[in-house]
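Thanks for making time this morning.

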Amino acid sequence: MNGLILDDPDGTLEMLRDSVVGFSARHAGPDVFRARRDNGGDLDREVWSAMAEAGWLGLLLPEDKGGAGLGIAEQAVLSEALGRALLTEPLAQLSIFSSVLLSHCSGGECARLAEGLIAGTALVSPAWQGRDGAAAPVSARKVGEEFSLSGEMRHVSAPTSATDFIVLAEADGKQMLVSLPVSAEGLRIETAPTLDGTRLGRLSLADVKVKEDALLAIGSEVDVAMDAAVTTTRLALAAEMAGIATAAIERTVAYAKERVQFGKAIGSFQVVQHRLVDMWGEAEFASAAVVNAVETLSEGQNNASRLAILAAKARAGEAAVNITRRAIHLHGAMGFTDACDIGLFMKRAVALNATLGQPEELRLQFVALEGVAA
Amino acid sequence: MAQQQDWNALSDEEFRAIFAEWVDANCPAELRFMRKQRPLFDEVSVWYHRLAEKGWLSPVWPQEYGGMGLDAGKHIVYVEEWARLGCPRIPDHGIGLTGPLLIQYGTQAQKDFFLPKILSGEHVWCQGYSEPNAGSDLASLRTSAVADGDGFIVNGQKIWTTLAHCANWILLLVRTSNDGKKRQNGITVMLVDMTTPGVTVRPIPNLRLEADFCEVFFDNVYVPSENVVGEVDQGWALAKAVLGHERIFLGAPSRPAYALRRLERLARDRGAFSDAGFVSRYARLRLDLFDLGSAFERFARVLRAGGTLGPDVSVLKIFSSELYQRITEETLSVAGEEARYWDDLPTGEGDVDAMNLYLDSRAPAIFGGSNEIQREVLAKGVLGLPR
Ligand SMILES: Cc1cc2nc3c(=O)[nH]c(=O)nc-3n(C[C@H](O)[C@H](O)[C@H](O)COP(=O)(O)OP(=O)(O)OC[C@H]3O[C@@H](n4cnc5c(N)ncnc54)[C@H](O)[C@@H]3O)c2cc1C
């Protein structure tokens, strides 16, 4: 099981992988998952700080914003490794999505958020979706030196732990990104538990006032920022799901070798072998799709990279979901318990697959973009 | 206890009407279409006792034992109406398993003692077959019973025992000898009081974080000889025989039917029916369910004609459990970005337990003989393929 195979001339990628392995020896993904879920938490503070210390937050932020200025290959390898280790903190949203947005912003508030994001002291969560997942900006009104924001946002990550939200808003047909502190008056947050042991929030803004200098970006720059954030995060999610897929097939092969029924390892039954081979094949294809998307995007954001990323997220999502649910079946009743980690992989896979577009939606976007089916 | 009548003399339609009318009037509304697949005894005891009072708790037992004495055809009607009206599953191992076993193989004393206590709800039973190392290969079970005076001393462990934490009696398969040439020899069926010293029950949270099944430990548990069913060492055949026509219900359309109703509800609310791709997939699922009904009927007809089921009935269980999975998977697609939430999804017509069903649908492909084992049965027993 090779996972992502990327050029690694100076060994940076290998070091990143190793650092995740070391990290997960100290913070075992499945244990953190269960503990966070059982406490009703949306994020594990200790793990998050440790991730900041490891230098994993804001990996994609450019150096002039204090970031590591690393590329998408590094981010993909990190995400894959997190998937494998089942480290399930909302990095995709709070680090990747927010970093990409901030890369397109400027000003003092942007610098403050970027700095805090990297240090792990500011938990910056993007708030921009409606119930169906599409962008749904809240309405903004200029009142003197302030903006007044009203509306509702769904699926907001780490709603209780967040210190700041980057809110998508709209005034007079112009989109903008606004920094909103969690303490803002008129902001109501409701949270609901997720399948992957975290919580998502519903933000209701009723005439919430923010100062003019909370404006992070406006106009066409917002479209560019949002588009880049969605695209990059999708790729990171695809990498994470490829990691889950690989881990799940590895574990299931190991279990099939170990579990004895009828005097033999169940992995010696031909039906089980063929099923495992199919699962392995799906994981390999998922990794290949992610590598292709990483390499295409490294050459620049264009039509080709869009297509490759849509394909990768669809492929990796479907692979992760299919592999983990068949893995549960091959674990028998054991797979149906909460104590068996394979179920947690399945839950994480389903949740990530549903984030930023399910496979069918992505495939339809792909063929629409190619224009052949139009 | 209510007067019984010869239900089998009625037409199916007549029986259906009488049964449905009473059930609809008596099954408490708050228990209908329960989210929980496996409620505990206390959660549904009102319904259990109402059925018991009416004399309708036990559809197949002969009337002399307090059952309704339904033949297989009428039993199917009973089960169909039960599902259609959304009645909750009751802890039914006493009714469906221990009772029929004792009626067929028990001593008079066993019947006199145990059957009334099942009907009254005093004894709640669970099924102690599977062990950590004996799942699909049940005959490799190792929980041992060693003769000791007028009884046996039992040591070992059972697992995946559904509802053991609300049961007070367990139907236990134990190993009493290792001498037989076949591993199936040397297995004995025992009736074990779970309040006996040495029995420990530990619930196991499942994927839905509910504790439906348990581990049950036996540490020098004394079981009197009169609690052996049938002959010592000859229990394997009994345990297999008791699942006669009931095997048809493993493939009943009720679970996929319930899941499809929920998919339709979500799809209407989220506008999926205006998406041609969805409609096409929905249509396939709908017709799969429709055709499962036809296939079920094919076997039901055999039973109504007084016949017995062959190994071919396994095809229903495979199809039904896999259809259930496909429907719940489609439901998550319709849920889109919301297919990340643990809680039920609100719609204008009420909540949809999309995730609950998705997780639950993992189980029927595993229990009751996994789908691989069912395919083995079909390959060897129906197609006559070589071993
Ligand atoms: C929800 C639930 C409730 C249950 N309730 C009870 C209960 O009340 N009482 C009780 O006694 N038991 C109960 N069981 C246990 C159930 O009977 C077993 O799970 C089942 O027999 C499978 O055994 P296993 O889980 O050990 O899986 P294993 O037998 O270890 O199988 C693991 C995997 O290998 C496959 N496999 C095994 N053998 C073969 C083969 N020869 N060829 C191809 N594939 C094979 C299986 O299909 C499965 O996918 C319950 C199980 C579940 C999930």
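Buried residues, meaning those under 20% relative accessible area with a 1.4 Å probe and only protein chains counted, make up 58% of the 374 residues in chain A. Please keep in mind that this is a predicted model, in which local features need pLDDT of at least 70 and side-chain atom pairs count only at pLDDT 80 or more, while totals for chains, interfaces and linings use all residues. Residues are numbered from 1 along each chain as its sequence is written, chains are lettered from A and ligands numbered from 1 in the order in which they are written, and side-chain values use heavy atoms, with hydrogens and water left out.

On overall dimensions, the radius of gyration of chain A, taken over C-alpha atoms, is 21 Å, which agrees with the value near 21 Å that a compact globule of 374 residues would have by the rule of 2.2 Å times the number of residues to the power 0.38. Along the principal axes, the C-alpha atoms fill a box of roughly 80 × 45 × 40 Å.

Chain A holds 11 helices and 10 strands, which are DSSP runs, H or I of at least four residues and E of at least two, numbered from the N terminus. Strand 6 (residues 187-193) runs antiparallel to strand 7 (residues 199-211), joined by 7 bridges, where pairing requires at least two DSSP bridges. Within this pair, A:Leu187 stands opposite A:Leu205. The two strands form a hairpin with 5 residues between them, and A:Gly197 in the turn has a positive phi of about 70°.

Terms used. Buried means under 20% relative accessible area, exposed over 50%, partly exposed in between (1.4 Å probe, protein chains only).
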